[in-house]
Amino acid sequence: MTFAPYALEDLETDALTELVNIGVSRAAVSLRKMVGSQVTLSVPSVEVVGRRAAVTLIRERESDQLVAVRQDFSGAFSGRALLIFPEANSLELVRAVTHDELSGQEIVDIEEEALAETGNVVLNGCLATMANILQRPLAMSLPQVMKGDGQILFELSEEPDDNGVVLFLYINFAISGRDIRGYIAMLMDLPSLRSLKELIGEFIARVVGAGGGDG
Amino acid sequence: MSGRAEAVVMGVERGGVPPEIRALCGPLLDTLIQSGMPLTVTDHRRPGEPLVFANPAFERLIGCGFAELVDLPFGFLAAADADPGILAGIEEALSADRPLTADLRVVRKDGSVFWDRLRLTPVVDSLGATPFFLWTHCDQTLELARAEVEAELAASRQALTNARERARLAQAVGGTAGAWEWDVATGRFYADARFAELYGLDPVAAGNGLGTDAFFESIHADDRMRIRIAVAGVMHGADIFSKDYRVVGRDGTVRWVSARGGADRTADGGVHRFRGVLADITEQKRVEEQLRVAQTAGGVGTFEYVSGFGTVSVSEQFCRLLGLHPTRALPVRTVNAVVHPDDAPLIASLDGSNPGEPYREFRIVRPDTGQIRWLAQRGEHRRDGKRDRDGGQGAGGLGGGVRAGSRFIGVIYDITASKDAEEKLRLFAETLEARVEERTRERDRVWNNSRDLLVIIGADGVCRAVSPSWTAILGYDVNEIVGRQIQDFVHEEEVETTAEALKGAIHDQNLTNFENRQLHKDGGTRWISWNTSKEGDLVYAYGRDITEDKQRADTLRQTEEQLRQAQKMEAVGQLTGGLAHDFNNMLMGVIGGLDIVRRRIAQGRLNDLDRFMDASMASAQRAAALTHRLLAFSRRQTLDPKPIDINDLVMSMEDLLRRTLGEQIELRVTMAENLAAARSDVNQLESAILNLAINARDAMPDGGILTIETGRATLDRAYTIRHDGLSAGDYVMIRVSDTGMGMPPDVVAKAFDPFFTTKPIGQGTGLGLSMIYGFVKQTGGHVRIDSEPWRGTAITMYLPCDGGESMVDGSLIGTGETPEGAGEIVLVVEDDESVRLLVLDVLQELGYTALHAAEGRAALNVIESSSQIDLLITDVGLPGLNGRQLAEIARRRRPDLPVLFVTGYAANAVVRGDFLDEGMDMVMKPFAMDELAAKIRGILENRHKERVGATPL
């Protein structure tokens, strides 16, 4: 679902998808080190929607309570990144990253910490990689775990304006044979999206210009 | 074909709904007609349920104009392959007057056949009968075709599954998939024969290694950039390469391929090798595309739900139908949340108790617009325990571990339009009764409050319904009238005319202001003016009570009668005046004569007294005769019937008559010879003839012929029986006829009434004919009138014949001698001989020379002569030329001639001022000799003064 003012062209969407793919691949490497087993992350698709539509969309698709790890970023493009799981899935993720060695109660006890750490690895890896490839510095805040519905997650705390957009990045986790699905959501205002769009354009020019043989 | 049905058809041809149906259905029908839903109306009262209305939507549906369809029995719809069971069902519903929904194979004009979802609704009228059926039609072919689409979809899904399976197998078994290896360090790209075949590369060259550009060159231009970016992603660290794209073979064929690969990395994360496998997924893509097109075009959304999963695999069209963002998987809760709270959830738990219905309809509340839509769901429940989900496309269940269970594969599609039509129809049917009731109430208000008599009469003349006004106007309770013949309440004298009128009204000749008397319960009657209109087999009659109008008309007539009576009384006054005039003349003769006698005795002139005595006597006798006539009028006279020779009488009257009639009227006398003597009173008969002659004269103001004839007449029994007191036999007849203006029959009928007159007030007493009638009747005779307007009038007196005896003749009193005079010359014109004699004598005594004339024309001869005339003394009331006219003519001859009018008619005095010019005076009868002498002297002296005064000039 795209909207004219902040639409990314198909190619830009593909490129962004690849950028995030690269990012989560890096994060997967980090997770692999953390959990010591095969971890695959992939991002099959990207959607750019208005903030309000994002609330509707997440509500349509996720009827359960959600858990999110939140990190704000600032730089050439600023905003907030969220790694979102259905609440039921978050324990599964925690169980996966803790090698199924912990009891139910122990998992509940460390759930938040584990989620924060996993989120940090994924989001940091993702955003840092993007910044790196886009050749712009990006500062990240500390991770924060939130629970609630889409409305709460997508509120940009300070600004009440609704001009912001949300980049929905669907993400599939495959950890220790478990399929876990989640989202990365990047909340940005329109100027940031415009900056991102420019940077993606530069990236496309670089890779295509280099004949795809970039080493 | 009945007249009514034709009327209905005509109504339609004028371009609208038959008025009868509109009257029943009200305005909602129009919205139905205009809703674009094919709609027809059939006449339920006629056999075969013939079509009487079809809207344009139906004409379009069936491809045939209404004119071609009208009056066809409903069965014309059925195609040859229509299910006889369904037809029978329709007929059953029709005969039971109940609604029905049925799918019938219907044939269009062009022969094509479609599934028509018929909805029949009886249209009920206020009496509870069903005069019409309303049919809506809906082409269900598309909807039923959806069932076929559904079957196709199932097949397609299977094909898709198979294709995917093949692709998966192809990828697993290297032999059917192509493989590549991209050596990043050397920048070389190697591929096997299968890859080379798909990419259209030379297999040997590919095996030996090509430049990495070869990886992109065969890719379809639209996909190439996308793949370059994806490969760049791998080179920058992305773990997975998974893309579907098109490649163009050497022969130009385009094939879809699915490339799956990854990077072999060095310890520092750098890319060492990029390799993967390539599978041909053209067939899969084609099926997917077909599926997508089928879903989009048919508006059909597909879904697949595996028992126990939290999500449902859906198609994008499914999401669009539900008003959700297009995606491939949705949580069950999200899907069910869209469903209207009153309807069962779309995705039901598939445990054994609830296997899922194959077809159901439900409402949704679209989350995006809030709109309520109707959807239909069809599906199939499979218990194959197979998990057939493509986790790679993001459709993985959140439940994760569930591996087996029942599947429900289904489709949904929008049926709002059809439901709306159905709902409208249902509403229509539901509210029809209410609307009929409302209209009935409205009609009842008019019905109940009407001050006119309202009645609905069947063709059999029986009152079906009557308004309460009957009780108010005619006293009958409504129940006493309903069910009975209207004729039972009609006055017996009008039963026949009413029957005639009702017959006309039943045969479409609407009555306008037909008047009859209706019976009141109290035994009286009321005049009612009826208007009717016919609808169907019923006559609607509206009656207005005009009894009061009638009474007013009667009152008016009575008032007119009274006025006439008053006029008669006035005429009596006129008569009295006339009688006084006559009496005055006579008294003048009596008194004047006696006066002279007295004077002469006083003077000792005793000779010649007899003359004056005789004149006085004659006057007194005439007064007595007048009294007789008055008595005759009152029929209390003493008649002296004697044998009379009618011919002699008429002859003796001839001179008098000629004088009376004047010059303009020609008198013809025709007498029968050897006429038998009649028995009558001679004076009365004379008077009657004179009266008739005067009437005849007055009827001929411009002149004409007056005929008097005598003869014998025989009245037979057939004639006499119709006339009271008249006996059959021979009569002597006297007929007086004129060529005047005649009388219309209504005047003739009243001609003998006392005081009846056609003359202007003052010109006649109205006694003449009635006196004649009274007198003739009293003597056993008969009078008849024959008259025709503008042709003339004949009045015939039938007098009884006499046996013999000596007859009396009716000769009149003879004229007097002419006195001689001296000094001024005075012309005296006076028809009354006694008066004339007296005046002449006075003049003689006074020393005047008197000339005299008995009437105007004789006087004119004198005036027009050369003889000297110093004074004209004239009676005003002369026969023929009257005194006033005479004076006028005389003045023209002799402008200064003084005129002294003598009048016995008091009424003339009223207009004295208008009547008299300079040099004129008037003296009233009876007058004293001295008075007359003073007047004559005065008027002559005045004239003398004027002459003396004028001479010097």
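**Exercise 1: Chain B as a whole**

Determine what share of the contacts in chain B between residues at least 6 apart in sequence joins residues at least 24 apart. Solution: with contact defined as heavy atoms within 4.5 Å, the share is 58%. This is a predicted model in which local features need pLDDT of at least 70 and side-chain atom pairs count only at pLDDT 80 or more, while totals for chains, interfaces and linings use all residues. Residues are numbered from 1 along each chain as its sequence is written, chains are lettered from A in the order in which they are written, and side-chain values use heavy atoms, without hydrogens and water.

**Exercise 2: The largest nonpolar core**

State how many residues the largest nonpolar core has. Solution: a nonpolar core is a set of buried (under 20% relative accessible area, 1.4 Å probe, protein chains only) Ala, Val, Leu, Ile, Met, Phe, Trp, Tyr and Cys residues joined through side-chain atoms within 4.5 Å. The largest has 59 residues, and Leu16(A), Phe173(A), Ile184(A) and Met186(A) have the most contacts inside it. Beyond its neighbours within four places in sequence, Ile184(A) touches residues including Val24(A), Leu82(A) and Val122(A).

**Exercise 3: Positive phi**

Solution: first, phi of Asp608(B) is about 65°, a positive value although the residue is not a glycine. Most residues other than glycine have a negative phi. By contrast, Glu49(B), with phi near 50°, counts as buried at 5% relative accessibility.

Key
Buried means under 20% relative accessible area, exposed over 50%, partly exposed in between (1.4 Å probe, protein chains only).
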